[in-house]
Amino acid sequence: KFSPASTTPEGAIGNEEGSGPGDDEDNLFSEELLKLRQQIAAARSSEAPNVQPMDCQSGTNSAMGPGDPTSALFELGEKHEMRIEWPKALDAYKSAWKIEKNPKYGIKYASVAQALNRVREAASTYEEILGLQVDLAGRAEVLSNLGLLYKDSNCASKAEQAYIEALAIRRKLAETAPEKYSPAVAETLNNLAILYHATRRDLRA
């Protein structure tokens, strides 16, 4: 489970500005992103007359392989995330998500936005993901992240609703795979306990 709020380095946004050795790295990032966007535009222009088959399960183009520009944007985001270059990671994930509404891209984009305290951006993306066809485990993860975001934003009622729905899903999954999902059930119960303690209520789950 991705827990960006606890791993974000202090001053991650503030350190993005300035001059020095990082300028070359910033220019390289901008060039990489520009090239990827140009590739996407060229691909769309050349392939527009040919309708490619659609994958009914994922809603994505079945002709797109792991080396397509959208995947490259996502991988670029992962590279910057590993380097703790959060704003650059956010830009790459956001670009991938805007091109293709793949829940994997959306979760990464929203998680990094949440880590950077871009609350509205993260919340709207999580809500959009929930409107897509997402597997139960993925839906529970999104709801859990959304619950944390709402709790930190002092929206206790929305946080409770998200946690309770996540808990119901994880309990159902744990019935058939207890070793895999029981820890997630315990985690969600703990999140609810923290929420109720903060709002001076008893745990009712």
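The secondary structure of the chain, in a predicted model, consists of eight helices and zero strands, where helices (H or I, at least four residues) and strands (E, at least two) are DSSP runs numbered from the N terminus. Along the sequence the pattern reads α-α-α-α-α-α-α-α. Local features were taken at pLDDT of at least 70 and side-chain atom pairs at pLDDT 80 or more, whereas totals for chains, interfaces and linings use all residues. Residues are numbered from 1 along each chain as its sequence is written, and side-chain values use heavy atoms, with hydrogens and water left out.

The chain has 205 residues, of which 38% count as buried (buried, under 20% relative accessible area; exposed, over 50%; partly exposed, in between; 1.4 Å probe, protein chains only). The accessible surface of the chain is about 11900 Å², and carbon and sulfur atoms contribute 51% of that area; areas come from the Shrake-Rupley method with a 1.4 Å probe, and for residues only the protein chains shown count as cover. Of the contacts in the chain with a separation of 6 or more, 55% are between residues 24 or more positions apart, a contact being heavy atoms within 4.5 Å.

Two asparagines with positive phi lie in loops. Asn117, in the loop between helix H4 (103-115) and helix H5 (119-130), has a phi near 60 degrees, a positive value in a residue other than glycine. The relative accessibility of Asn117 is 64%, so this residue counts as exposed. Asn154 is located in the loop between helix H6 (136-152) and helix H7 (156-176). Although not a glycine, Asn154 has a positive phi of about 65 degrees. Asn154 also counts as exposed, because its relative accessibility is 72%.
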